Amino acid sequence: MAVLTEEQSLLRDAARTWTQEKSPVSAFRKMRDSNAPLGYDTAAFAEMAQMGWTGVIIPEAYGGSDFGYLGMGMILEETGRTLTASPILATALAAASAIVLGGDENQKQTWLTKIASGEIVATLAVDEGAHHAPAKIALKAEKAGEGYALSGAKTFVLEGMAAGLFVVSARTSGESGATDGVSLFLVPADAKGLSRKALKLADSRGAASLSFERVEVGADALLGEAGKGWELLEKILDRARAGLAAEMLGASAQAFDTTLDYLKTRVQFGQVIGAFQALQHRAAKMFTDLELTRSCVEAALSAIDNDSPDVPELVSLAKAKAGDTLHLISNEMVQMHGGIGMTDAHDAGLYLKRARAAEATFGGQAYHRDRYATLQGY
Amino acid sequence: MADFGGDDIETFRAEAKAWLEANFPPSLKGRGTMMYAEGVAPTGGDYRAWKTAMAEKGWGVATWPRAYGGGGLTPAQARVLQQEMGRIGAFNPIGGMGVMMFGPTLLEYGNEAQKRTHIPPIVAADLQWCQGFSEPGAGSDLASLQTRCEDKGDHWLVNGQKIWTSGAQYADWCFCLVRTDTAKKHEGISFLLIDMKSPGIEVRPIKLISGNSPFCETFFTDVKVPKQNLVGPLGGGWTIAKRLLQHERSGLSGGGGGGGGRGGMFGAPIADLARTYIGLDEEGRLANADLRARITAHEMDSRAFQLTAIRSVVEAKSNQGPSAATSIMKNAGTKIGQDRAELTLEVMGTQGLGWEGDDFKADELAAVRAWLGGKATTIYGGSFEIQNNIISKRILGLPDPLGPSTH
């Protein structure tokens with residue numbers, strides 16, 4: 001664990017206490033079993049807003065605390081541990097980053113305060129296919145009077161049914177696959193011509209597919225300059241990826257702790273199964289991977305806070321590593337628990353399903369390894 | 001950098017700078033790492049002069065007490081000295097097992113006479129020590145060692161065999177673990193200093209898969225050892241050995257903080273090598289997709305390790321106590337090193353199969369030897385499996401089916 005300032009330690013401890021007491025895995029299970037329409041507990045999210053979690057990366061002028069990304073990462077790690085379903089990542093990290101980095105004063109005034117207060121859920125709408133490919137945009141934004149008309153579709157939009165605001169990547173020029181001609185728009189969920197459909201996912205989290213039929217937005221909906229949105233989009237995505245990697249680190253850590261506990265308590269053949277060397281060595285491997293992952297996640301978040309030129313490669317490193325580690329540990333959790341790990345009643349299945357969803361979001365291991373190599377020049 | 005105290009340390013820094021300027025021969029600049037790789041100290045007047053200067057100043061063993069010829073520096077001062085040496089390409093010519101492991105251990109467990117006899121020659125790098133620990137029947141289970149040491153009244157009599165004694169063919173002295181009691185396992189081990197010129201000692205170098213090596217088998221046949229060469233109490237050898245191995249492990253893992261990014265602690269990125277031997281496609285990517293993927297995965301693992309090395313140093317310096325990350329370092333690091341060696345060979349293709357001769361470049365031949373020699377890194381200094389046992393038991397708290405831990 002990185003050496004923290006006292007403030008950071010307090011934030012982490014508070015997050016740990018709240019998630020362990022108010023939002024343990026059983027809370028997620030309850031939400032799932034109640035078929036909560038938005039995929040999260042709205043009362044719990046309101047509490048998070050009250051604690052200031054929704055304003056962590058937002059400047060104080062708009063009601064935030066400007067605590068930074070390492071702080072946000074610590075909160076997400078704790079929520080990751082207990083599989084807490086909440087729109088924090090989509091809203092307070094991803095969408096908020098978009099407006100903090102790319103918004104003009106009007107846009108910041110209009111939206112950041114609402115995000116900081118927890119009044120609104122916001123999210124990115126960037127992907128259009130089954131694999132994360134931020135430049136593969138077909139959704140068109142054509143000039144319409146002073147503003148634009150958006151036509152096309154987006155898929156796998158996190159918290160899509162709950163969102164009041166979408167940060168949409170569209171094309172004002174160029175072909176799908178080109179990084180030139182990408183434009184980002186702030187589109188309210190109630191815009192005419194915008195429809196959404198809930199996706200029922202294996203991890204029970206909220207997501208939606210969106211359809212845009214000549215959705216009209218004003219010139220004030222454009223984030224930054226028309227056709228020059230690629231750099232901003234990459235910055236936003238890197239922040240989302242880093243936060244997600246922190247959440248994945250938390251999920252991995254808890255899955256490991258639960259499994260380790262089982263190794264120490266389950267008795268077969270007259271002894272605890274943790275005495276068997278093969279299992280000990282697999283546990284040592286998982287522990288090693290967790291430590292290596294932690295270093296990568298903390299380095300990525302710190303690099304973002306320091307606006308380092310290393311952000312893209314450190315983020316891809318963190319997301320890929322967190323993906324590998326969560327992939328391994330989620331599989332081992334089921335396997336090491338034996339038959340009981342296969343039951344829905346046990347938590348292992350919940351971690352497994354969440355793992356694959358998180359791995360695929362904002363680029364999986366293959367995507368980020370390819371990106372890392374390209375950034376390194378090969 | 002932030003943990004050094006104010007003015008006093010800056011005064012020392014100025015002192016160190018001045019002394020180094022006056023005494024370090026510019027002809028030796030940057031030669032330190034090359035010498036280490038060659039395993040042999042260069043000859044020549046400049047090197048001898050540098051060694052003598054460092055020996056007399058005591059800065060070859062900077063933090064050892066002045067009373068025995070050491071530099072008497074505080075750890076902070078020693079770090080400053082290292083920085084200033086690094087700045088001008090200077091290196092410590094006083095090294096070896098005596099400095100790294102035996103000296104610090106003797107300072108803790110030896111009696112006054114032993115310290116006065118053995119520490120000054122180590123400080124002056126006048127002689128070499130070798131380590132008599134492992135035996136053919138006692139590797140990972142070192143405590144099962146059998147080399148017998150019998151009390152003959154006015155001397156000890158030693159019979160047995162040691163293996164993996166590095167540098168035994170050049171060594172002047174050997175610090176040796178011997179069995180003084182066959183009835184008890186750990187408490188029957190004692191720590192003995194043996195003069196390698198004693199009658200009855202035979203040294204046979206061991207050839208490894210990588211070619212010649214500094215390792216030897218050492219045979220003791222009725223070797224007489226003076227009574228005063230016993231270090232610590234009779235039967236106290238295991239405790240002393242554990243402490244010595246701690247010194248060894250901190251010495252071996254001293255590669256922390258490679259700075260991250262390109263060309264970190266493991267050398268230049270393999271991708272650079274791959275560009276030369278494999279080439280790029282029209283999109284500027286390595287021309288073999290499978291190799292590109294595996295090289296990338298390796299480079300990322302390497303980066304993750306470097307970041308962890310930095311983190312564990314930062315955490316150790318803070319008030320959090322020893323970092324949990326340190327326990328994983330040997331296994332994580334050695335695996336990356338071995339993966340790198342394998343990838344290097346693979347990238348070089350048939351040029352990576354040379355044993356000797358001018359059909360192969362020097363670095364191609366070196367890559368083959370390094371790949372072979374590197375197989376030892378997951379075996380020595382606590383094997384990969386033993387490290388996993390240690391992590392499992394000491395860090396994760398899993399039970400030991402063989403009974404209480406013997407480590």
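**Two helices in contact**

Author: This is a predicted model. Start with a helix pair in chain A. On the H9(A) side, Pro312(A), Glu313(A), Ser316(A), Leu317(A), Lys319(A), Ala320(A), Gly323(A) and Asp324(A) take part, and they meet Gln365(A), His368(A), Arg369(A), Arg371(A), Tyr372(A), Leu375(A) and Gln376(A) in H11(A).

Reader: How many residues of each class does the contact of H9(A) with H11(A) have?

Author: Sort the residues by class. Pro312(A) is among those in H9(A), and Tyr372(A) is among those in H11(A). Both count as nonpolar. The contact of H9(A) with H11(A) has five nonpolar, five polar and five charged residues.

Reader: Are H9(A) and H11(A) roughly parallel or roughly antiparallel?

Author: Two packed helices are described by the angle between their axes and the distance between the axes. For H9(A) and H11(A), the axes are 9 Å apart and the angle is about 150°. Angles over 145 degrees count as roughly antiparallel. So H9(A) is, relative to H11(A), roughly antiparallel.

Reader: Which hand does the crossing of H9(A) and H11(A) have?

Author: Handedness is a separate description from the angle. H9(A) and H11(A) pack at about 150°. Their crossing is left-handed.

Reader: At what angle do H10(B) and H11(B) cross?

Author: Look at chain B now. H10(B) covers residues 329–348, and H11(B) covers residues 362–373. Their axes come within 9 Å, and the crossing is left-handed. The angle is roughly 145°.

Reader: Which residues of H11(B) meet H10(B)?

Author: Take the H10(B) side to begin with. It gives Ala341(B), Glu342(B), Thr344(B), Leu345(B) and Met348(B). The partners in H11(B) are Glu364(B), Ala367(B), Val368(B), Ala370(B) and Trp371(B).

**Chain A as a whole**

Reader: Why is chain A said to be as compact as a globular protein of its length?

Author: Chain A has 11 helices and 10 strands. For its 378 residues, the globule rule gives 21 Å. The radius of gyration is close to that, so chain A is as compact as a globular protein of that length. Its value is 21 Å.

Reader: What share of the residues in chain A is buried?

Author: A residue is buried if 20 or more other C-beta atoms lie within 10 Å of its own. Chain A has 378 residues in total. The buried share is 55%.

Reader: What percentage of the contacts in chain A with a separation of 6 or more joins residues 24 or more positions apart?

Author: Begin with the contacts that have a separation of 6 or more. Then pick out those between residues 24 or more positions apart. They account for 74%.

**Where the chains touch**

Reader: Which element gives the most residues to the side of chain A that touches chain B?

Author: The contact takes 28 residues from chain A and 35 residues from chain B. Elements giving two or more residues on the chain A side include helix H7 (230–265), helix H8 (277–305) and helix H9 (311–337). With 11 residues, the one that gives the most is H8(A).

**Single residues**

Reader: Is Ser204(A) buried or exposed?

Author: Ser204(A) sits in the loop between strand E6 (194–198) and strand E7 (207–217) of chain A. Its phi is positive, about 60°, although it is not a glycine. There are 21 other C-beta atoms within 10 Å, so Ser204(A) is buried.

Reader: Where does Trp164(B) lie?

Author: Trp164(B) also has a positive phi, near 65°, and is a residue other than glycine. It is buried, with 22 other C-beta atoms within 10 Å. Trp164(B) lies in strand E3 (residues 155–166) of chain B.

Reader: Is Gly30(B) buried or exposed?

Author: Gly30(B) lies in the loop between helix H1 (7–23) and helix H2 (32–38) of chain B. A residue counts as exposed with 12 or fewer C-beta neighbours. Gly30(B) has 10 other C-beta atoms within 10 Å, so Gly30(B) is exposed.

Reader: How far apart are the C-alpha atoms of Arg303(B) and Ile336(B)?

Author: Arg303(B) lies in helix H9 (residues 289–317) of chain B. It is buried, with 28 other C-beta atoms within 10 Å. Arg303(B) and Ile336(B) are 33 residues apart along the chain. Their C-alpha atoms are separated by 10.0 Å.

Technical notes
Residues numbered from 1 in each chain as written. Chains lettered and ligands numbered in written order. Predicted model: local features only at pLDDT ≥ 70, side-chain atom pairs only at ≥ 80, totals over all residues. Contact = placed C-beta atoms within 7 Å. Helix = DSSP H or I, 4+ residues; strand = E, 2+ residues; numbered from the N terminus. Axes fitted to C-alpha atoms, helices over the stretch in contact; angles between N-to-C directions. Parallel < 35°, antiparallel > 145°, perpendicular 65-115°, else oblique. Left-handed = near helix turned anticlockwise from the far one by under 90°. Rg over C-alpha atoms; globule rule 2.2 N^0.38 Å.
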